[in-house]
Amino acid sequence: DGLAAWLRYARVPGASRHLGKLPSAVVTLNATKGYPVHTAGQELVDGIGGLFGKKLTVAKSKPKGTTATVGTVSAYVDKNPSAAKGLPDLVEDGFYLKISKGNVLILGQNERGALYGAFHYLSVIAQGNVSDFTLTSNPDAPVRWVNQWDNMQDGGTHGSVERGYGGDSIFFWDGHIREDLTRAGQYARLLASIGINAVVANNVNANASILTPENMDGLARIADVFRPYGVQLGVSLNFAAPQLLGGLDTFDPLDKAVVNWWQGIADNLYKRIPDMAGYLVKANSEGQPGPMTYNRTLADGANLFARTLQPHGGIILFRAFVYDHRSLNQTLDWKADRANAAVDYFDGLDDKFEDNVVIQIKYGPIDFQVREPVSPLFTHLRRTGATVELQITQEYLGQQAHVVYLAPMWKELLDFDLRVDSKPSTLKSIVSGKRFGQKLTGYAGVVNVGTNTTWLGSHLAMSNLYAYGKLAWDPEQTSTGILKEWTTLTFGHDKLVHDVITKISMESWPAYEDYSGNLGIQTLTDILLGHYGPNPGSQDGNPWGQWTRADDDTIGMDRTVWNGTGFAGQYPPEIAAMYENIETTPDNLLLWFHHVPYTQKLKSGKTVIQHFYDAHYKGSATAQTFVTLWEKLKGRIDKERYEHVLFRLIYQAGHSLVWRDSVNQFYFNKSGIPDELGRVGNH
Ligand code: GCU
């Protein structure tokens, strides 16, 4: 069942031997149907039933025999005042687990935490571990959101998903909220099991019509199916809605009528959805309206919404992905650089935002490329909290037709030390709020599941969603550890299945980087047509500012301060100095920061052009091995998933050759420099 993803509760090998170590009944403390503690009780019954074939019942008070007790800390302490002393400190959404001889105690700081604890316990026993343990688990950051880029309508009819590769929207159809929201509830269940606490259901390129009274009613229905899982709803706004929908003649954020209009919207939403998470806003970006349309600052824009949310306790995630693609001209301006935009626009605003504003920053300064340096904006916001925006949907990374396990890439970014004030300043320490002490910080992941029964269009792509939630909860977890868990829960315990999935997954990002764009040149996809497939030629002269500046002799963006766009100077001094200098810039970001001849020598001793040729052969050769590796699993996993994955891996193997030959031939044609091994050229 693809829909169940990692929550299949398939029978554990040797299940019957473990029955004595499991609870015999479930006790829920102060459970109300439709809320997480009640859900937790149900999951424990379903989970232990499926995993071990042991039928449990939910009891109101303590029955005879071993029990699993689940509830909030406060509900527990009410009943057992003397137990309070022995309990650990939990932060919001945190949980405490104590497993002892078949008795299970699951306590959450809030209801959501209790549900997280139940899912954690089920995950542990699903992996075959029924031994006693005690665990206190607190999330690394409070904001752990998912963004869906679902359109309300598409040509007036459907609900498509922008950059979604798993079918139509599970939320919207024909300009309305779907009647049947079963899939939305199932999605919330998956997300709760990995610690995600909110979903923004509509696209950042927002349609103002999401705010009609009828659609607000529909949003309330979405919130209703999320609520049992402790997942809150967030809404994307169109900045011009007062004009587009409200009939005002302005959307100036400082205009009184505009402010009142937005206050009415917030009040109306919270009347329907008292626990709404808040807003997500994309403004003044790629043609979207925003405060700068009226010469107001981005802070004026963000604060407008923040203030209307304050009476209701909501927060606003305001995106830093702000740039004007019409003002970028490559041929005329050597110093033009879209990468500079975010820091330029947010300069001087750090202390101007209301307390419930969080700035949502894409991990890199351009756009979800296969390799980017960490966005320097993270070092400029010290009072205002930030979330890092990661992309689970593989927009530039093969669109789920290629396997690319992203946890290793995210780990590298999160572990990167930005050296603010010459002190340790990893990205993870910034987005946890630990480095600068902000309260509201965390993670936002663009997921874009759809109606496809695999959710993302590919079974293996689901490890990325799983890993996203796990890392947002605890970025110290390892890529392989997360993968192992996910594989057991999704495919079972067979060692060969594990070996194959681990090998393919762990080799997949390096392979994709090798055949799609190396040395920090960006993913050389077609920039105009859907960001899919190779088209290095499209990476120059486009208005989007994603450039390589490749000519017959040289390639790369000069982002130095001394001679280039100055981007390197947006980092703290130690990092700026590293990137400013060719000698200290790591090879894998050389062309991101420097414009060099194709004959430039890398640290590896190879030239840039020879590295291109070799890496493309190497990466695509690795992709060929994925097929033969997977074929070893025939008969070891169910036929449906085996064939579904095989089909995609065969395609990927072929498409990686298309990538290899297109990119290599392109740069051979430009540079005229032959491949030392004679593979590329005029055949
Ligand atoms: C990318 C993506 C768009 C999206 C934008 C954003 O450019 O291709 O579809 O709207 O990012 O993040 O806002």
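The points that follow treat the basis of the model, helix packing, the nonpolar cores and several individual residues.

1. Basis of the model. The model is predicted: local features need pLDDT of at least 70, side-chain atom pairs count only at pLDDT 80 or more, and totals for chains, interfaces and linings use all residues. Residues are numbered from 1 along each chain as its sequence is written, and side-chain values use heavy atoms, with hydrogens and water left out.

2. Helices α14 and α17. Helix α14 spans residues 495-516 and helix α17 residues 608-631; their axes come within 8 Å and cross at roughly 155 degrees. This makes α14 roughly antiparallel to α17. Helices (H or I, at least four residues) and strands (E, at least two) are DSSP runs, numbered from the N terminus. Axes are lines fitted to C-alpha atoms, for helices over the stretch in contact, and angles run from 0 to 180 degrees between N-to-C directions. Angles under 35 degrees count as roughly parallel, over 145 as roughly antiparallel, 65 to 115 as roughly perpendicular and the rest as oblique.

3. Handedness and contact of this pair. The crossing of α14 and α17 is left-handed (the near helix is turned anticlockwise from the far one by less than a right angle). Residues of α14 in the contact include V500, I504, A511 and Y515, and those of α17 include A615, A623, F626 and W630. Contact means heavy atoms within 4.5 Å. By class, the contact of α14 with α17 has 10 nonpolar, 7 polar and 4 charged residues. Ala, Val, Leu, Ile, Met, Phe, Trp, Tyr, Cys and Pro count as nonpolar, Asp, Glu, Lys and Arg as charged, and the others, Gly among them, as polar.

4. Helices α14 and α18. Helix α14 also packs with helix α18 (residues 639-671), at an angle of about 30 degrees and with the axes 9 Å apart. The two helices, α14 and α18, are therefore roughly parallel to each other. Their crossing is left-handed. I504, Y512, Y515 and S516 of α14 meet L649, Q652, S656, W659 and V663 of α18. By class, the contact of α14 with α18 has 6 nonpolar, 3 polar and no charged residues.

5. Helices α3 and α4. The axes of α3 (residues 111-126) and α4 (residues 182-193) come within 9 Å, crossing at roughly 80 degrees. Hence α3 is roughly perpendicular to α4. L115, Y116 and F119 of α3 make the contact with R189, A192 and S193 of α4.

6. Nonpolar cores. The largest nonpolar core has 212 residues, of which W6, Y279 and W630 touch the most other members. Helix α17 gives the most to this core, with 10 residues. Apart from it lies another core, of 10 residues, including V27, L29, L87 and L90. A nonpolar core is a set of buried Ala, Val, Leu, Ile, Met, Phe, Trp, Tyr and Cys residues joined through side-chain atoms within 4.5 Å. Buried means under 20% relative accessible area, exposed over 50%, and partly exposed in between (1.4 Å probe, protein chains only). Leaving aside neighbours within four places in sequence, W6 is in contact with residues including L190, I194, M462, Y466 and W486.

7. Helix α10. In α10 (residues 407-415), 7 of the 9 residues are buried, so this helix is largely enclosed by the rest of the structure. The buried residues are A407, P408, M409, W410, K411, L413 and L414. Among the elements covering them are β15 (385-391), α12 (462-473), α13 (479-491) and α14.

8. Residue Q522. This residue lies in the loop between α14 and β17 (554-555). Q522 counts as buried, at 3% relative accessibility. Not counting residues up to four places away in sequence, Q522 touches residues including I366, Q369, S516, W547 and W592.

9. Positive phi angles. R163 is not a glycine, yet has a positive phi of about 55 degrees. R163 sits in the loop between β7 (143-150) and β8 (172-173) and is partly exposed, with a relative accessible area of 25%. E286, also a residue other than glycine, has a positive phi near 50 degrees. E286 is placed in the loop between β12 (278-281) and α8 (298-309) and is partly exposed, at a relative accessible area of 26%.

10. Residue P88. P88 is found in the loop between α2 (73-79) and β4 (95-100). With a relative accessible area of 28%, P88 is partly exposed. Neighbours within four places in sequence aside, P88 is in contact with Y96 and T136.
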